[in-house]
Amino acid sequence: MMLSALTAGGCRMWQAGFFTSGYGEMGDGRYAHRAAYEAFVGPLVAKMHIHHLCFNRGCVEPTHLVQLTPKAHGAAHRKARLKERRSVKTELEVQW
Ligand SMILES: [Zn+2]
Ligand SMILES: [Zn+2]
């Protein structure tokens, strides 16, 4: 995939523009990780979220992306937070 670089952890880091939220931006206003999911995994379903299994917002590696309902997505992040309380920056930045 162009415009991305592999990390030691297996993440493909987006190398082009970014949204202020930390997500990769395609240059046309689309999220890079959503475009990557659509191109390499399958169609995006309306209102579904694309979750980073690696919790790396700039990652566009298709195998690190899963489509979840907003509810399941929130639960996945809460679970991850409980597991790793340190300083993991999750995508959602949930405010407690
Ligand atoms: Zn990744
Ligand atoms: Zn997520």
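Me: Leaving out residues up to four places away in sequence, what does Y31 touch?

Reply: Y31 touches Y23, G24 and E25. Touching, or being in contact, means that the C-beta atoms of two residues, placed from the backbone, lie within 7 Å. Before we go on: this is a predicted model, in which local features need pLDDT of at least 70, side-chain atom pairs count only at pLDDT 80 or more, and totals for chains, interfaces and linings use all residues. Residues are numbered from 1 along each chain as its sequence is written, while chains are lettered from A and ligands numbered from 1 in the order in which they are written.

Me: Why is Y31 called buried?

Reply: A residue is buried if 20 or more other C-beta atoms lie within 10 Å of its own, exposed if 12 or fewer, and partly exposed in between, with C-beta atoms placed from the backbone. Y31 has 20 other C-beta atoms within 10 Å, so Y31 counts as buried. Y31 sits in the loop between β4 and α1. V60 is 29 residues away from Y31 in sequence, yet their C-alpha atoms are 9.6 Å apart.

Me: What makes C59 buried?

Reply: C59 has 25 C-beta neighbours inside 10 Å, so it counts as buried. C59 is in the loop between β5 and β6. If you skip residues up to four places away in sequence, C59 touches C11, R12, M13, H33, H52, C54 and H64.

Me: Why does P70 count as exposed?

Reply: P70 has 11 C-beta neighbours inside 10 Å, so the label is exposed. P70 belongs to helix α2 (residues 70-83). Helices here are DSSP runs of H or I with at least four residues, strands are runs of E with at least two, and both are numbered from the N terminus. The protein chain holds two helices and six strands, running β-β-β-β-α-β-β-α from the N terminus on.

Me: How do you know that the buried residues of α1 line one face of the helix?

Reply: In α1, the buried residues are A32, H33, A36 and Y37. Seen down the axis of α1, they fall within an arc of 140 degrees, so they line one face. That arc is taken from the directions from the helix axis to the C-beta atoms. An α-helix has 3.6 residues a turn, so residues three or four places apart point the same way. The cover over the buried residues of α1 includes β2 (12-14), β4 (24-25), β5 (49-52) and β6 (65-68).

Me: Which residues make up the largest nonpolar core?

Reply: There are nine: W14, Y31, A32, A36, Y37, I50, C59, V60 and L65. Helix α1 (residues 32-40) gives the largest share of this core, three residues. A nonpolar core is a set of buried Ala, Val, Leu, Ile, Met, Phe, Trp, Tyr and Cys residues joined through C-beta atoms within 7 Å. In soluble globular proteins, nonpolar side chains tend to be buried together. Take W14: apart from neighbours within four places in sequence, W14 is in contact with L3, S4, G24, A32, G58 and V60.
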